[in-house]
Amino acid sequence: YNIELDPEFDEILARYPRKPWRKFHNTENDKYVSDEAIDFLDRLLRYDHQERLTPSEAMRHPYFVPVIEASKAAKC
């Protein structure tokens, strides 16, 4: 976006380095975390909307493969 804010905002808006999603992984959420889940979150939670997944892309993400396969099996 190449947006430059006035220097007066420097104190209010701190600059933080990006943290890897795996830093939020712990024993409490272990059963919910997979490589596909991490990738899915990473692609959805992008500041730049052009980099973010569209709804159609999100629905075709590998994270949802088990749901898609179960749905196909139920229809048979």
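In what order do the elements of the chain run from the N terminus on? I began my notebook with this question, and I found that the elements run α-α-α, the chain having 3 helices and 0 strands. I keep in mind throughout that I am reading a predicted model.

**Entry on overall form.** I looked up the radius of gyration and noted 18 Å for the chain, whereas a compact globule of 76 residues would have a value near 11 Å. The C-alpha atoms, taken along the principal axes, fill a box of roughly 60 × 30 × 15 Å. I then turned to burial and wrote down that buried residues make up 9% of the 76 residues in the chain. Among the contacts with a separation of 6 or more, I found that 29% are between residues 24 or more positions apart.

**Entry on one residue.** Is His 61 buried or exposed? I recorded His 61 as buried, because its relative accessibility is 5% and the cut-off for buried is under 20%. Leaving aside neighbours within four places in sequence, I found His 61 in contact with Glu 36, Asp 39, Phe 40, Arg 43 and Leu 53. With Asp 39, the side chain of His 61 makes a polar contact of 2.7 Å, side chain to side chain.

Terms used. Residues numbered from 1 in each chain as written. Predicted model: local features only at pLDDT ≥ 70, side-chain atom pairs only at ≥ 80, totals over all residues. Heavy atoms only, no water. Buried < 20%, exposed > 50% of the residue type's maximum accessible area, 1.4 Å probe, protein only. Polar contact = N/O pair within 3.5 Å; in protein donor to acceptor, adjacent residues only side chain to side chain. Contact = heavy atoms within 4.5 Å. Helix = DSSP H or I, 4+ residues; strand = E, 2+ residues; numbered from the N terminus. Rg over C-alpha atoms; globule rule 2.2 N^0.38 Å.
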